[in-house]
Amino acid sequence: MSDYLEATNDLYRSAAELPDVGLCCTTTPVWQLPQLDIPGIMLEMNYGCGSTVNPRDLVNEPKVLYVGVGGGMELLQFAYFNRHKGGIIGVDVLEEMLEASRRNFKKAEELNSWFKEDFVDLRIGDALNLPIEDETIDVAAQNCVFNIFKLADLRKALQESYRVLKPHGRLVMSDPICEQEMSVELKGDNRLRAMCLTGAIPLSDYIDLITSVGFGTVEIRAKRAYRILDPKHYNTEELIYIESVEVCAIKDPMPQDGPCVFTGKTAIYFGEEKIFDDKKGHLLLQNQPIAICDKTALNLNNLDRSDIFISDSTFFYDGGGCC
Ligand SMILES: C[S@@+](CC[C@H](N)C(=O)[O-])C[C@H]1O[C@@H](n2cnc3c(N)ncnc32)[C@H](O)[C@@H]1O
């Protein structure tokens with residue numbers, strides 16, 4: 001096993017045994033749902049950098065796979081939407097983390113009359129070699145795990161997620177990203193990488209990797225400030241700004257002209273006709289906003305029209321698209 005994966009296991013073995021409240025902390029509010037009572041220990045062990053739980057993905061009691069269980073909080077939130085034995089599969093590489101989440105699910109059962117611990121099927125396993133059959137999962141999720149991986153492993157983890165998803169299944173992810181070049185020293189610091197700090201890559205590289213394994217649609221659902229690495233405390237000459245993103249990759253067929261990546265762009269046609277037809281499947285109603293993917297934004301821009309407005313990316317896309 002690579003040194004950095006060993007360092008990762010060491011860090012999370014400790015974090016399983018003794019909750020580390022500041023690890024991978026997030027500004028994303030924790031979901032408050034009717035009759036959902038999250039045990040305090042799960043909140044203390046919230047080692048994610050965003051949320052992967054979105055009710056829009058969770059209609060019709062989907063079979064969910066969650067990779068990297070941590071204290072189990074998001075698995076409990078997923079179980080809220082699928083209340084059946086084994087409806088949620090949790091995979092973690094560490095027996096200690098599975099054991100900690102098992103204890104936490106018992107507490108969750110005491111607090112939540114609707115919840116049974118057997119809704120969650122906990123399995124030992126690796127994101128790089130998932131113990132899951134092909135095409136059996138509706139929604140796969142990972143929060144603050146894949147960013148730790150070096151590029152070849154990240155690609156493998158994405159391929160594994162793609163393999164286990166049913167057609168049109170969704171991979172929902174939350175990870176840090178960073179647009180700046182980090183020093184070789186920072187990149188090579190296994191502990192900082194394990195802490196979800198220095199494995200962060202630029203958003204466009206992250207998206208390219210996702211689409212390169214076959215995901216035909218990608219949605220950027222949120223982008224937030226995450227961390228600063230400053231020269232006083234870290235081995236860097238400049239201030240490094242890290243953000244976190246929430247991304248949904250959908251196992252749609254790859255369009256012939258490339259993936260549909262939604263970063264929150266919107267088009268508004270304000271010409272004289274009732275409708276503008278771009279002859280590529282998009283009808284823009286006069287003065288009505290339409291969410292468009294970046295590819296469509298580029299195509300519309302290339303038409304060089306003075307009666308179509310295209311917004312910047314908001315990095316807050318929540319459905320209703322052009323493709
Ligand atoms: C940063 S924590 C995130 C935990 C959880 N997702 C959350 O949001 O609180 C990383 C988790 O991934 C697990 N992990 C690390 N490497 C893994 C791998 N190769 N395969 C599966 N799980 C892994 C760790 O044991 C830990 O539970």
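Guide: Let's start with a word we'll need: two residues are in contact if their C-beta atoms, placed from the backbone, lie within 7 Å. One more thing before we look around: this is a predicted model.

Visitor: Is Asp278 buried, exposed or partly exposed?

Guide: You count the C-beta atoms around it. A residue is buried with 20 or more others within 10 Å, exposed with 12 or fewer, and partly exposed in between. Asp278 has 18 such atoms within 10 Å, so it's partly exposed.

Visitor: What else can you tell me about Lys85?

Guide: Lys85 sits in the loop between helix H3 (73–79) and S2. Leaving aside its neighbours within four places in sequence, Lys85 is in contact with Asp118 and Phe119.

Visitor: Let's zoom out. How is the chain divided?

Guide: There's domain 1 (3–250) and domain 2 (265–310). Take the centres over C-alpha atoms, and 36 Å separate the two domains.

Visitor: How do I read a helix that has buried residues?

Guide: Start with the general idea: an α-helix has 3.6 residues a turn, so residues three or four places apart point the same way. Now the case here. In helix H9 (residues 294–302), Thr296, Ala297 and Leu300 are the buried ones. They sit on the same side of H9, because they cover an arc of only 105° around the axis. Over on the other side of H9, Leu298 and Asn302 are exposed.

Visitor: Which strands do the buried residues of H9 pack against?

Guide: Strand S9 (265–269), strand S12 (289–292) and strand S13 (308–310).

Visitor: How should I read a positive phi?

Guide: Most residues other than glycine have a negative phi, and most peptide bonds are trans. Two cysteines here are worth a look. Cys144 isn't a glycine, yet its phi is positive, about 65°. Cys196 isn't a glycine either, and its phi is positive too, about 65°.

Visitor: Where are Cys144 and Cys196 found?

Guide: Cys144 is in the loop between strand S4 (137–143) and helix H5 (151–164). Cys196 is in the loop between helix H7 (190–194) and helix H8 (203–212). Cys144 has 24 other C-beta atoms within 10 Å, so it's buried. Cys196 has 28 C-beta neighbours inside 10 Å, so it counts as buried as well.

Visitor: How do I think about a nonpolar core?

Guide: In soluble globular proteins, nonpolar side chains tend to be buried together. Here the largest nonpolar core has 93 residues, and the members touching the most others are Leu65, Tyr66, Phe78, Ala79, Ile88 and Ala140. Strand S7 (residues 240–250) gives the largest share of this core, 6 residues. The core also draws at least three residues from each of domain 1 (3–250) and domain 2 (265–310).

Visitor: What is Ile88 in contact with?

Guide: Setting aside neighbours within four places in sequence, its contacts include Val64, Tyr66, Leu75, Phe78 and Ala79.

Visitor: Last stop: where is Ser311?

Guide: Ser311 is in the segment after S13. With 14 other C-beta atoms within 10 Å, Ser311 is partly exposed. Ser311 touches Lys265 and Thr266, not counting residues up to four places away in sequence. The C-alpha atoms of Ser311 and Ala222 are separated by 16 Å, and the two are 89 residues apart along the chain.

Conventions. Residues numbered from 1 in each chain as written. Predicted model: local features only at pLDDT ≥ 70, side-chain atom pairs only at ≥ 80, totals over all residues. Domains from an automatic or database assignment. Helix = DSSP H or I, 4+ residues; strand = E, 2+ residues; numbered from the N terminus. Arc of directions from axis to C-beta. Core = buried A, V, L, I, M, F, W, Y, C linked by C-beta atoms within 7 Å.
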